[in-house]
Amino acid sequence: MDTIYAETTPPGRGGVSIVRLSGPGARAIGEGVAGALPEARQAVLRSVRDGDVIDRALVIRFDPGASFTGEEVVEFHLHGAPVVVRRLMSALRARGARLAEPGEFTRRGFLNGVVPLSEAEALSDLLVAETEAQRQQAMRIVSGDLTRWADGLREKLIRAGALVEASLDFADEEDAPAEVPAEVMALLAEVRDDIQRSVGGFAAAERIRAGFEVAIVGPPNAGKSSLLNRIAGRDVALVSDEAGTTRDVLELRADLGGLAVTFLDTAGLREAENKVERMGVARARDRAAAADLRIHLVTDATVDQEVHVEGDLVVRSKSDLGAGDISAVTGEGVDELLEKVREMLAARVAGAGLVSRARQVEALQDAADALAVTHHAPPELLAEAVRLAALSLHEVIGRVAPDDYLDEIFSTFCIGK
Ligand SMILES: Nc1nc2c(c(=O)[nH]1)N(C=O)[C@@H](CNc1ccc(C(=O)N[C@@H](CCC(=O)O)C(=O)O)cc1)CN2
Ligand SMILES: Nc1nc2c(ncn2[C@@H]2O[C@H](COP(=O)(O)OP(=O)(O)OP(=O)(O)O)[C@@H](O)[C@H]2O)c(=O)[nH]1
Ligand SMILES: [Mg+2]
């Protein structure tokens with residue numbers, strides 16, 4: 001394995017930039033520019049040189065087996081000028097290190113067995129987390145909650161497997177049919193229940209991770225774009241008294257009390273005259289139908305039945321002109337509307353589990369399926385089912401993973417993570 005380097009902080013003016021070096025040559029290369037390094041994990045102030053002094057920087061060294069990548073790591077905490085960072089990186093390059101690929105530090109952590117796949121996935125979620133719920137969800141997994149949970153279940157399965165094997169051995173000796181101890185079925189039932197609960201919490205967890213879509217729909221001129229602008233607190237969408245102002249779907253990402261919500265402003269629903277307008281209306285219908293929730297904004301009580309779904313919100317606009325629920329002009333009722341939306345979405349993330357990815361829930365379902373065949377099964381089949389279930393649980397954590405899946409996960413990282 002070669003030694004890699006990268007700036008871990010996004011390049012910017014001022015502040016402190018960290019350049020990390022990881023691999024078997026990290027310590028030697030680090031000492032080549034910073035002189036002798038002290039004990040692992042002690043920050044020391046050093047002149048970092050390549051001919052002349054590049055910077056006076058804090059330098060930290062990590063031992064292999066006790067670092068984020070599992071390898072020798074040296075960190076340089078530099079003055080954050082791009083030119084300082086560039087000079088150090090070319091000095092490291094001249095000494096045989098190469099620039100890391102996106103996510104390569106974390107990938108090495110995975111390959112060296114320091115970071116399980118589920119935690120690497122959660123790290124990628126953490127790096128793009130925009131809301132408190134997303135951060136908390138990712139942090140629980142980064143902190144090892146999912147790993148501990150799955151390991152706990154695997155231990156129960158291993159115990160159940162050992163009991164089954166013992167009963168098989170016993171049966172051989174006594175020449176009598178093997179009898180499965182009651183504890184085995186109890187253990188398997190516990191594991192299955194736990195898995196099913198986690199699978200049950202998948203949809204909610206997935207919504208936290210991926211966020212919700214809330215479509216604003218209704219007839220032309222209802223004030224949909226005005227409402228979007230009011231939610232955004234700035235002019236995102238064009239507004240005019242001409243019917244058919246909005247054609248494309250406009251997206252506004254928002255943090256609604258900790259939940260990630262994308263509001264969609266859509267074209268007014270109508271019998272459109274020309275082709276482009278018809279395309280806009282078709283797009284509005286499609287996106288509205290696929291959204292998690294629709295706000296039907298109306299000036300009278302008529303709601304387009306084709307996109308209306310039970311549980312949607314029907315809201316009368318322009319309350320400043322007479323009867324209505326909200327006004328995008330004065331802001332009346334908008335906070336209450338957003339609170340109502342937040343409550344409705346929050347109800348859907350109640351009971352969110354730790355499992356938030358299709359890959360993980362599929363492995364869990366495999367484990368549950370394997371255990372489902374165990375009732376009244378002969379001990380040999382039982383032993384096999386337990387073994388399969390344990391393997392599937394192992395997959396949830398993912399201590400091994402196919403290369404293309406690794407590429408997919410780690411390519412979403414920046415260089416330096
Ligand atoms: N300066 C700096 N800050 C950082 C990081 C970093 O690499 N450098 N991190 C980078 O992402 C995060 C911290 N993550 C880390 C994860 C594991 C280990 C580590 O040394 N693990 C060892 C020992 C654990 C222990 O002593 O408790 C191990 O897992 O074996 C270090 C940092 C965020 N802050
Ligand atoms: N008085 C009043 N006028 C409003 C309100 N909301 C929107 N309007 C006006 O209604 C007209 C249409 O507003 P838009 O926000 O463009 O309506 P829309 O629903 O996005 O319309 P389309 O994009 O054509 O479907 C504009 O002249 C707005 O200024 C409101 O709450 N009160
Ligand atoms: Mg509009």
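A residue is called buried if 20 or more other C-beta atoms lie within 10 Å of its own, exposed if 12 or fewer do, and partly exposed in between, with C-beta atoms placed from the backbone. By this count Arg41 is exposed, with 11 other C-beta atoms within 10 Å. The structure described here is a predicted model, in which local features need pLDDT of at least 70 and side-chain atom pairs count only at pLDDT 80 or more, while totals for chains, interfaces and linings use all residues. Residues are numbered from 1 along each chain as its sequence is written, and chains are lettered from A and ligands numbered from 1 in the order in which they are written.

The domain assignment, whose bounds come from an automatic or database source, gives domain 1 (4–115), domain 2 (119–201 + 355–398) and domain 3 (211–348). The centres of domain 2 and domain 3, taken over C-alpha atoms, are separated by 44 Å. Their contact takes 5 residues from domain 2 and 4 residues from domain 3, where two residues are in contact if their C-beta atoms, placed from the backbone, lie within 7 Å. The side of domain 2 that touches domain 3 consists of 1 nonpolar, 2 polar and 2 charged residues. In this classification Ala, Val, Leu, Ile, Met, Phe, Trp, Tyr, Cys and Pro count as nonpolar, Asp, Glu, Lys and Arg as charged, and the others, Gly among them, as polar.

Helices (H or I, at least four residues) and strands (E, at least two) are DSSP runs, numbered from the N terminus. In helix H1 (26–34), the buried residues are Ala26, Arg27, Ile29, Gly30, Val33 and Ala34. Seen down the axis of H1, these buried residues fall within an arc of 165°, so they line one face of the helix; the arc is that of the directions from the helix axis to the C-beta atoms. The cover over the buried residues of H1 includes strand S2 (16–22), S3, strand S4 (52–62), strand S5 (73–79) and helix H2 (82–94). After H1 comes Gly35, whose phi is positive, near 80°.

Helix H7 (residues 182–200) has 19 residues and reaches 27 Å from its first C-alpha to its last, close to the 27 Å expected at 1.5 Å a residue. The expected span is 1.5 Å times one less than the number of residues in the helix. Buried in H7 are Val184, Leu187, Leu188, Val191, Ile195 and Ser198. Viewed down the axis of H7, its buried residues fall within an arc of 95°, so they line one face of the helix. Ala182, Ala186, Asp193, Arg197 and Gly200 are exposed on the other side of H7. As a general point, an α-helix has 3.6 residues a turn, so residues three or four places apart point the same way.

Helix H12 (residues 358–372) has 15 residues, and from its first C-alpha to its last it reaches 20 Å, close to the 21 Å expected at 1.5 Å a residue. Its buried residues are Gln360, Val361, Ala363, Leu364, Ala367, Ala370 and Leu371. Among the elements that cover the buried residues of H12 are helix H4 (117–127), H7, helix H8 (202–210) and helix H13 (379–397).

Most residues other than glycine have a negative phi, and most peptide bonds are trans. Arg41, although not a glycine, has a positive phi of about 65°; Arg41 is found in the loop between H1 and strand S3 (44–50). Asn221 also has a positive phi, near 70°, and is placed in the loop between strand S7 (212–217) and helix H9 (224–232). With 20 C-beta neighbours inside 10 Å, Asn221 counts as buried, whereas Arg41 is exposed.

The model also holds ligands. Around ligand 1 are Ile18, Phe62, Ala66, Ser67, Phe68, Glu75 and Val114, a residue being near a molecule if its C-beta atom, placed from the backbone, lies within 6 Å of it. By class, this shell has 5 nonpolar, 1 polar and 1 charged residues. Ligand 2 has 23 residues around it, of which Gly223, Ser225, Ser226, Thr246 and Gly268 come nearest. The shell around ligand 2 divides into 8 nonpolar, 11 polar and 4 charged residues.
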